[in-house]
Amino acid sequence: MNFDRIREKLNILADAAKYDVSCASSGSDRTNKGKGLGNASKMGICHSYTADGRCVSLLKILLTNHCIFDCAYCVTRKSNDVPRAAFKVQEVVDLTINFYRRNYIEGLFLSSGIFKSPDHTMERLVSVAKKLREEENFNGYIHLKSIPGASDELMYEAGLYADRLSVNIEVPTISGLKLLAPDKKHEDFTKPMEKVKNEIVRYKSEHKIIKSTPKYAPAGQSTQMIVGATGESDKDIMYSAAYYYKTFHMKRVYYSGYVPVTHDSRLPAIGSQVPMLRENRLYQTDWLLRFYGFSIGEILNNRHPNLDMDVDPKLSWALRNLHHFPVDVNTVDKRLLARIPGIGMRSVDKIIKARKFRKLNWDHLKKIGVALNRAQYFMVCDSRHWERRDLDADKIKGMILQNSSGKFRNQYSTQLSLFN
Amino acid sequence: MNASTTLIYDGSFNGFLTAVFVAFDEKINVADIQKNNQSQSGLFSETETIFTHVEKAKRVWNGIRNRSHNAISNVYFAFLSEAEGVEMILYSYIQKLMRTKNGKYLDYSDSTVLYIAQLARKVGREKHRMEAFVRFQLTNDDIYFANIEPDFDVLPLISKHFRDRYADQKWLIYDVKRKYGIYYDLDHVEMVSLNLKDIHHNKTAKSDVFTHEEYEYQTLWNDYFKSTNIASRINPKLHTQHVPKRYWKYLSEKKEAV
């Protein structure tokens, strides 16, 4: 193996792949077959973290950064003048196996620029996965990118070898897509998703009857949207995320604050700030939808098309709906308990179990890990002390902000700072 | 009231369970349970040395497990934390567990129960970290070797994970702090103790113990690690929160930072 050549390629192709946010290795329960190499960990493992704090779990590379498309937001767009490279199939296999044996990674995340045609590219991606599974008896995690416009037959084959498949829709609105990626059609993205979804459903139902049915993309599908590139509202983004969760049974939708990579009049200029706070609020909303039983219309609607920047979406919802509160944590049902700001799902679980034994007071809740600085205005417990004043939403918000600090506070505070 | 007694055990988990068995069996008023190498007798208590008895330990293990699977894993994980005085808290945890009918391990409003659950969680987190932060290096004898220095004694907990995953390669994970390791010989995992001349943490100098290719792959990995970083999103605080500095010396991608 020519290490110097590989090293050059790796630098180019890993650098180009880093804007894909997803690095999850969870959700698959593939086991090690016949004393081969590797298995998948259901909860996923992050083997390292980049200096920007993102998980490094998979070897995330492009097969090639040659591309026939010219999407404005993409660093490997045809018209961008960057060094190009391509891996051979065997080189990717060797790298994956050797990194895996040293416990650097959970598996492979293989994406690619589109060369010649979508089918041609997809075929190459599938052949890497096939080689890993069949020749190397590799049972670790494989995430393949579905190339927009790939044929159903190839998507079917991809699911047999990969744990997760994903297509990045990148631009949340169809009008934005026309503006930034004129070569791509919306249907090119949804067709592979639809195919994979149907196959997953089919394999699941077959598995119920025949236990030996092979796995088909056990970790499901995911997608990614760029935030802050085309001026869409939070409502646009979250409604389209909710649509993908519902229609295509997505395991995850990722939100990626747009990092300017090219000079283009349609996009924010190079050097403009990455909207990290907004990204954070979108993820919080995503969690509220998936785990806390909120419906999208409660958090974002025509009257509130954008999320509050200074408080989290759950607190913001609670402040708009003070008529639900205060509630008694010792009696309230799980659904409403999870809606109290400052109480997360872990605390909900602990509270529900603990209150079977005795009535809980402030001390118990504090030890369990509830963020009382927020929760105290919305709940009562087994104590004579609770918030008796008749406070309105602005007052509560002010008091919470005054008694807490947030890492993004300096980004939206109107207060001028004394030193700097 | 009987005079209180301090039980001395050999430091092993089975030894601890035997001590619990003896305490229940002989209705001893336990003052403390201590390891034999760090025992300290109290002014008003007698001491009794416990000899590890696997059968007795097994009865305690099964007794707790019959109450709840969750409780037995909490007990085992919390024991491996090696926290000072954890034996006595575990003893009172087991007493509470046995006294009530069921479900006591879920009473998070009881400070002992909450403490043990939280301690077990800490150990679980360390176990998960070690599954992530072990970095094997290929030696000339074809063994994948790694040193670790975990906060808690997690080797017994991670051995299954590595055995299942790396079934077709020989590997050895050595705990530098506790001076023992686990070795897999393609068949089963066994405990080993080594006379390590030097600890193989990150050095820029190459050792001839490892294959030549080993260093090439480390270079590739370090390059990859650098390439994945997005400079405009840098967040050192978050980074060290996920990868605390105490682990850096065993992570090859951190070679230059150390």
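Chain B has eight helices and eight strands. Here helices (H or I, at least four residues) and strands (E, at least two) are DSSP runs, numbered from the N terminus. What you're looking at is a predicted model, where local features need pLDDT of at least 70 and side-chain atom pairs count only at pLDDT 80 or more, while totals for chains, interfaces and linings use all residues. Residues are numbered from 1 along each chain as its sequence is written, and chains are lettered from A and ligands numbered from 1 in the order in which they are written.

Let's start with the overall picture of chain B. Along the principal axes, its C-alpha atoms fill a box of roughly 70 × 40 × 35 Å. Of the 258 residues in chain B, 35% are buried (20 or more other C-beta atoms lie within 10 Å of the residue's own, with C-beta atoms placed from the backbone).

| Domain of chain B | Residues |
|---|---|
| domain 1 | 5-123 |
| domain 2 | 134-254 |

How far apart do the C-alpha centres of domain 1 and domain 2 of chain B lie? They lie 33 Å apart. Four residues of domain 1 of chain B are in contact with four residues of domain 2 of chain B, where contact means C-beta atoms, placed from the backbone, within 7 Å. The domain 1 side of chain B that touches domain 2 has two nonpolar, one polar and one charged residues. For these classes, Ala, Val, Leu, Ile, Met, Phe, Trp, Tyr, Cys and Pro count as nonpolar, Asp, Glu, Lys and Arg as charged, and the others, Gly among them, as polar.

Now for a sheet. In chain B, five strands make an open sheet with mixed pairing, in the order 4-5-6-7-8; strands pair if DSSP finds at least two bridges between them. Strand 4 (137-138) and strand 8 (189-192) of chain B each have a single partner strand, so one side of each is left without a neighbour in the sheet. Strand 8 of chain B pairs with strand 7 (residues 180-184) of chain B in the antiparallel sense, over four bridges. As an example, B:V192 in strand 8 is the bridge partner of B:G181.

Finally, chain A: 43 of its residues are in contact with 39 residues of chain B. Helix 1 of chain A gives the largest share of the side that touches chain B, seven residues. By class, that side of chain A divides into 19 nonpolar, 12 polar and 12 charged residues.

Terms used:
Contact = placed C-beta atoms within 7 Å. Domains from an automatic or database assignment. Buried ≥ 20, exposed ≤ 12 C-beta atoms within 10 Å, placed from the backbone.
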